Amino acid sequence: MKNTLKIDIVSDVVCPWCTVGYKHLKKAIDELGIADQIEIEWQPFELNPHMPEEGQDLTEHITQKYGSTKEQHEASRNRLVEAGANVDFKFDFYENMKIVNTFDAHVLLEYAKQFGKQTELKMRLTTAYFSERKDVSKQEVLKQALLDVGLNAEEALAKLNDDNARFEVQSNKQNWQNLGVRSVPTIVFNRKEAVTGAQPIGVFKNILRELTTQPSAI
C-alpha cells in the first residue's frame with residue numbers, strides 16, 4: 001500500500017518565488033511518478049497585509065521594503081524571468097506594475113479547497129497577475145478566475161462578505177505565523193518538517209523519495 005504525503009504550501013498569490021517553488025515541486029513529483037501519493041493544500045500568507053485598495057508601485061514598494069536599489073531590483077526581476085522560463089512560466093514585469101492586496105484571493109482559495117480546485121485557482125490567479133497584467137484584488141478579475149476553473153463565481157464571491165469565512169482565513173494565516181512561518185514559500189511535509197524558498201527540483205526529489213517510502217508517512 002502506497003503512503004500518502006500531505007504537503008502544505010504557505011504562500012501568497014503575488015509571491016513570484018512561490019510560483020517557481022511550486023513549479024519545481026510539481027516537476028519533482030511528476031518525474032518521480034508519485035502524483036497519486038501527494039495531497040497538496042495551499043495555506044494563506046500575505047506579503048503585504050496592510051496594502052491599501054489602490055495598491056502601490058511595485059518598484060517603489062520593493063525599494064522601500066527591502067532597501068534595494070533600482071539596479072538590484074532589475075537584476076532580481078531578470079533572475080525571476082529566467083527562473084520562470086525554465087519552468088514554462090511567464091513573468092511579465094512592466095512599467096508601473098503594482099503590488100496589490102491579496103486577502104480576498106485567499107478567501108476564495110479556501111472556498112476552492114472543498115471542490116479540489118485550490119491548485120487550479122492558485123495558478124490561475126498567479127498567472128493573471130504575473131503573466132496577464134491583471135489586478136487580482138479586483139472582483140471582476142477574481143470572478144473570471146473562478147469561472148475559468150469551473151467554480152460557482154456567485155457563491156464564491158459571496159464568501160468575500162462572509163465574516164466567518166474571512167475570520168477563518170485570518171485565523172489560519174495567524175496560526176502558520178505562530179508556528180514560525182516568516183517567509184514564503186514555506187513548504188511543509190506531513191506537518192512535521194519544512195523547507196523554505198524555491199528549492200531546486202533535485203532537493204524536492206530527495207525529500208519526496210525519503211518521505212514517500214517511510215512507513216510513518218500519513
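This is a predicted model: local features need pLDDT of at least 70, side-chain atom pairs count only at pLDDT 80 or more; totals for chains, interfaces and linings use all residues.
A residue counts as exposed when its relative accessible area is over 50%, and as buried when that area is under 20%.

**Stop 1: two residues on either side of the cut-offs**

Select Lys 70, which belongs to helix α3. Its relative accessibility is 56%, and Lys 70 is therefore classed as exposed.

Next, move to Asp 104 in helix α4. Here the relative accessibility is 19%, so Asp 104 counts as buried. With neighbours within four places in sequence set aside, the contacts of Asp 104 are Leu 142, Leu 160 and Arg 166.

**Stop 2: helix α6**

Select residues 139–148, which form helix α6, and highlight Val 141, Leu 142, Ala 145 and Leu 146, which are buried. Turn the view so that it looks down the helix axis: the buried residues of α6 fall within an arc of 135 degrees, so they line one face of the helix. An α-helix has 3.6 residues a turn, so residues three or four places apart point the same way. To see what covers the buried residues of α6, display elements including α4 (103–113), α5 (118–131) and α7 (153–158). After α6 comes Gly 150, with a positive phi near 80 degrees.

**Stop 3**

In soluble globular proteins, nonpolar side chains tend to be buried together. The largest nonpolar core of this model holds 58 residues, and those that touch the most other members are Ile 7, Leu 121, Leu 125, Val 136, Phe 189 and Leu 208. Helix α4 gives this core its largest share, 7 residues. Apart from this core lies another one, of 8 residues, including Val 10, Cys 15, Trp 176 and Val 184.

Centre the view on Val 136. Beyond its neighbours within four places in sequence, Val 136 is in contact with Val 13, Val 14, Val 100, Ala 105, Leu 125, Ala 128, Tyr 129, Val 141 and Leu 142. Two of the residues in that list, Val 141 and Leu 142, are among the buried residues of α6.

**Stop 4: the largest pocket**

Rolling a probe the size of a water molecule over the atoms shows where empty space is left. The largest pocket contains about 540 Å³ of space. Its lining has 26 residues, of which Pro 16, Trp 17, Ile 62, Tyr 66 and Ser 76 are the closest to the centre of the pocket. Coloured by class, the lining shows 16 nonpolar, 8 polar and 2 charged residues.

**Stop 5: the enclosed cavities**

The count of cavities of 30 Å³ or more is 2. The largest cavity holds about 80 Å³ of space. To display its lining, select Ser 11, Trp 42, Gln 43, Pro 44, His 106, Leu 109, Glu 110, Gln 118, Lys 122, Val 169 and Asn 172. Two or more of these residues come from each of β2 (38–44), α4, α5 and α8. By class, the lining of the largest cavity divides into 4 nonpolar, 5 polar and 2 charged residues.

The second largest cavity has about 40 Å³ of space. Arg 124, Ala 128, Lys 134, Val 141, Gln 144, Ala 145 and Asp 148 form its lining. Helix α6 supplies the largest share of that lining, 4 residues. The classes in the lining of the second largest cavity are 3 nonpolar, 1 polar and 3 charged.

**Stop 6: backbone features in the loops**

Select Arg 133, in the loop between α5 and α6. Phi of Arg 133 is positive, near 60 degrees, in a residue other than glycine. Arg 133 is partly exposed, at a relative accessible area of 46%.

Continue to Pro 185, in the loop between α8 (163–178) and β5 (186–189). What joins Val 184 and Pro 185 is a cis peptide bond, with omega about 0 degrees.

End at Arg 191, in the loop between β5 and β6 (193–196). Arg 191 is not a glycine, yet its phi is positive, near 55 degrees.

Key: Residues are numbered from 1 along each chain as its sequence is written. Side-chain values use heavy atoms; hydrogens and water are left out. Buried means under 20% relative accessible area, exposed over 50%, partly exposed in between (1.4 Å probe, protein chains only). The arc is that of the directions from the helix axis to the C-beta atoms. Contact means heavy atoms within 4.5 Å. On a 1 Å grid over the protein atoms alone, a cavity is a set of points where a 1.4 Å probe fits but cannot get out, and a pocket is an open set with protein on both sides within 12 Å along at least five of seven lines; lining residues have an atom within 4 Å of a point. Grid points are joined across faces, edges and corners, and a volume is the space filled by probe spheres set on the points. Ala, Val, Leu, Ile, Met, Phe, Trp, Tyr, Cys and Pro count as nonpolar, Asp, Glu, Lys and Arg as charged, and the others, Gly among them, as polar. A nonpolar core is a set of buried Ala, Val, Leu, Ile, Met, Phe, Trp, Tyr and Cys residues joined through side-chain atoms within 4.5 Å.
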